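Hi,

Here is the structure I promised to pass on.

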Amino acid sequence: MSSFQSPQHQLVGTLYRDHRSWLLAWLRRNVACPHRAEDLSQDTFIRLLGREQLDAPREPRAFLVQVAKGLLFDYFRRAALEQAYLNELMLIPEAEQPSLEAQQLILEDLKAIDRMLGKLSSKARAAFLYNRLDGLTHAEIAEKIGVSVPRVRQYLAQGMRQCYIALYGEPT
Amino acid sequence: MSIPTRPVSSKVLDAAIAWQLCLDCGQGSDAEREEFAKWYAASDEHARAWMQLGMLDQRFVGTTGPARSALIRSREGVSRQMRNVGRGVAGFALALGLTLFLGDRFLPVNYWLADQRTATGEQRTIRLSDNTLIRLNTHSALDVKFDAKQRRVVLQEGEIFVETGSHEDPRPFIVETDEGQMRALGTKFLVKRRDDGTLLSVLQSAVAAHPQASDNELILREGQQMLIQRHSLGPMVAIAPGADAWMRGMLVVDNAPLKDVIAELGRYRSGYLGVASDVAQLRITGSFPLNNTDLALKALLPTLPVEIEQRTHWWVTVVASENKQTRKL
């Protein structure tokens with residue numbers, strides 16, 4: 001079997017063997033749910049397998065932590081979105097709340113939008129959302145997030161470009 | 001009409017975005033509109049870019065109400081949370097509860113600028129001219145009255161943590177309320193205004209307490225707590241565990257009646273927060289995030305037979321849960 005493995009697979013295999021339990025312990029310190037920590041440690045190695053190029057890291061643990069942090073950030077973001085949505089639902093009467101299935105669909109939709117806006121800075125993201133969701137004018141957004149109007153336009157342009165790419169692919 | 005999904009060129013996309021921003025800003029003049037119509041008609045690719053951009057809004061159509069707010073708010077705290085990574089702050093909910101307090105403002109304050117106030121839900125740390133550190137809890141008000149003879153701080157409302165500064169300063173350091181005076185003997189302590197008096201909790205060293213309308217004076221040592229009333233001093237008892245947990249953004253209670261917990265949470269949120277009398281005496285143990293009282297209320301649900309009746313964000317009552325009650329019977 002191993003003779004069919006690429007050097008990359010071998011490298012990930014070595015990292016896995018030598019550092020997996022250490023990484024898991026690190027993740028457990030940062031994530032409350034042990035199952036989630038387990039998933040994230042697996043995902044870290046899976047992500048490495050998916051890399052086009054992988055050189056043997058000089059500091060394997062620092063390197064693994066760096067990859068794991070990226071995944072952790074995504075996880076926190078998703079969890080925060082979910083939590084924020086549940087918190088918002090608490091604020092409306094139960095009779096007006098969408099059904100559980102509908103809530104799931106809305107959450108999926110929110111996660112998709114969140115991913116779409118993933119690369120925007122937090123100010124650009126806020127500017128774009130205020131514009132799209134609330135229809136605020138450029139001047140109103142500028143006031144709200146404390147930047148100049150031309151900067152708001154820059155943010156909105158970034159947002160549109162980002163969404164465009166997510167929906168239609170990179171412009172040619 | 002279906003929209004072709006093939007991406008346009010980068011240049012055309014930029015032009016389309018520029019047009020959308022121009023027309024969106026509401027100042028699009030007739031000349032500009034005419035100019036835009038020309039651009040739009042000039043090539044299929046222009047038209048395609050415009051329609052594709054227009055489709056973006058479709059993605060946001062369903063995002064109203066709670067979904068909208070969630071999307072706008074969800075990033076709050078995530079970056080702070082990431083900063084904690086590696087420091088071993090275990091627990092997502094815990095981190096969420098603490099995050100608000102990590103970005104502490106630290107205001108150097110001169111004593112002549114008295115009248116320090118915090119809003120509901122706010123906490124703030126100030127440093128006085130003698131280096132004394134005072135942390136104001138939610139909805140608290142404080143006057144600083146330093147003069148040649150003494151360093152006097154008047155707690156008008158709310159709750160403070162005091163860590164006295166310079167031990168070389170010969171002037172006594174005194175915290176005063178309507179009910180009593182507390183003289184610090186080189187120390188850390190908490191003072192809280194309550195309906196029934198002033199609660200003094202000594203965390204380190206000692207504090208001398210005496211009521212406003214009596215000559216009685218008692219010295220409290222580390223770990224002791226006492227209710228001070230205008231005419232008398234209450235019994236000395238051990239500090240309740242978690243008395244200072246608010247400084248870490250948590251409410252910690254041990255076998256406390258639900259009505260006390262709700263009253264405490266109510267200090268951290270605006271509007272009415274009440275509890276129905278038939279569940280007011282239920283006992284609860286646990287810790288709750290103070291910066292997100294909605295979350296704290298939700299944390300009651302799995303452990304107690306209660307539910308949260310929410311008319312508006314400003315009017316919330318904890319009532320007996322019908323389902324769980326019947327199950328209990």
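Chain A has seven helices and zero strands (both are DSSP runs numbered from the N terminus, helices being H or I of at least four residues and strands E of at least two). Before you go further: this is a predicted model, where local features need pLDDT of at least 70 and side-chain atom pairs count only at pLDDT 80 or more, while totals for chains, interfaces and linings use all residues. Residues are numbered from 1 along each chain as its sequence is written, with chains lettered from A and ligands numbered from 1 in the order in which they are written.

Of the 172 residues of chain A, 28% count as buried (20 or more other C-beta atoms within 10 Å of a residue's own, C-beta atoms being placed from the backbone).

Now the cores, meaning sets of buried Ala, Val, Leu, Ile, Met, Phe, Trp, Tyr and Cys residues joined through C-beta atoms within 7 Å. The largest nonpolar one has 48 residues, and L110(A), A127(A) and F128(A) have the most contacts inside it. Helix α3 (residues 60-90) of chain A provides its largest share, eleven residues. Another core, of 28 residues, lies apart from it and includes L128(B) and F161(B).

As for the interface, 44 residues of chain B are in contact with 46 residues of chain A (contact means C-beta atoms, placed from the backbone, within 7 Å). On the chain B side, α4(B) gives the most, with eight residues.

Cheers

Methods
Two residues are in contact if their C-beta atoms, placed from the backbone, lie within 7 Å. A residue is buried if 20 or more other C-beta atoms lie within 10 Å of its own, exposed if 12 or fewer, and partly exposed in between; C-beta atoms are placed from the backbone.
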